[in-house]
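Work through the exercises below with the sequence and the model at hand. Each task is followed by a solution in steps.

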Amino acid sequence: MEKIGFIGLGNMGKPMATNLVKAGYQVTVYDIYQPSVEELVESGAASGNTPKKVSENSDVVITMLPSSPHVEQVVLGQDGVLEGIRQGCLFIDMSSIAPDVSIKVAKRCRDKGVGVLDAPVTGGIMGAQAGTLGIMVGGSKADLARATPILNVMGKKIMHVGDVGMGQTAKVCNQIMVGTSLCAMSEALVLGVKAGADPEVLQQILISGAARSWALEFRAPAVFEGNFNPGFMINLQHKDLGLALDTGKEFHVPLALTALAYQQYEAARAKGLGEADHAGVIKVLEDLVGVEVRKGVNKIS
């Protein structure tokens, strides 16, 4: 089994790296937050002092980081991955970042004889914990074949999209659908409750027909309970919609609905909800009109 380096042990990265350790891989980890590193070490991983040290000890290096600047710094910066990784190794970035940054990083890695995949994920924290993530992969078929046993530990649906950068393109398209659908759900449920509807009955009506969506099926129940513990934070949804807008500008594609959704998440951030679950965007409209979409509101007797 290939030796793996894993850099980025946040809400997503930590369970992903843990699953690799449980699967029997020799994993060396790095994160700026030392308690997360210590937790992985207790589970059987080794600790690397820098991204460079991690890559020196690994055949495959995986990053799971918050944004484009983090990936550029960790891979291309001082004591970064590129300083330590060897020719013939494989670099997999599973962060959600700008497609053009993925392409830039890939070129630098390929110039050193390193294979590259961009492999952002969908499925949230629960998917990361269960090893059931959907993984959108950009890169060569040969590099994907090499990585598939590793990716299968973390995800259940591995989809090859094209060359490097296309994984990130697929992810921003995914996030347009997720982000806008949560905003649409917010408007529908808040309007219904304000007019006197039972939100749970309304949800069942909506998912029985053409309005059915992931947001209504899987996030509305948490809203009804007032549970906004993050599966995927508003800050990250906001960041991903920003990436989508930037990509739209690059290819001259107007994204009007995406822009409106982006502003709704910005409003949620302004209310101090950045670390709440992205379904918490509903609280912007709830507070504006003075209702809460909760279980038992307007309940039919």
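The model is predicted: local features need pLDDT of at least 70, side-chain atom pairs count only at pLDDT 80 or more, and totals for chains, interfaces and linings use all residues. Residues are numbered from 1 along each chain as its sequence is written, and side-chain values use heavy atoms, with hydrogens and water left out.

**Exercise 1.** Find which parts Arg-146 and Glu-2 tie together.

Solution. A salt bridge is a side-chain nitrogen of Lys or Arg within 4 Å of a carboxyl oxygen of Asp or Glu. The closest N and O atoms of Arg-146 and Glu-2 are 2.7 Å apart, and the two form a salt bridge. Arg-146 lies in helix 8 (residues 141–154) and Glu-2 in the segment before strand 1 (4–7), so the pair links parts 144 residues apart in sequence. Helices (H or I, at least four residues) and strands (E, at least two) are DSSP runs, numbered from the N terminus.

**Exercise 2.** Is Asp-240 buried or exposed?

Solution. Buried means under 20% relative accessible area, exposed over 50%, partly exposed in between (1.4 Å probe, protein chains only). Asp-240 has 2% relative accessibility and therefore counts as buried. Its side chain meets that of Lys-239 in a salt bridge (3.0 Å, N to O).
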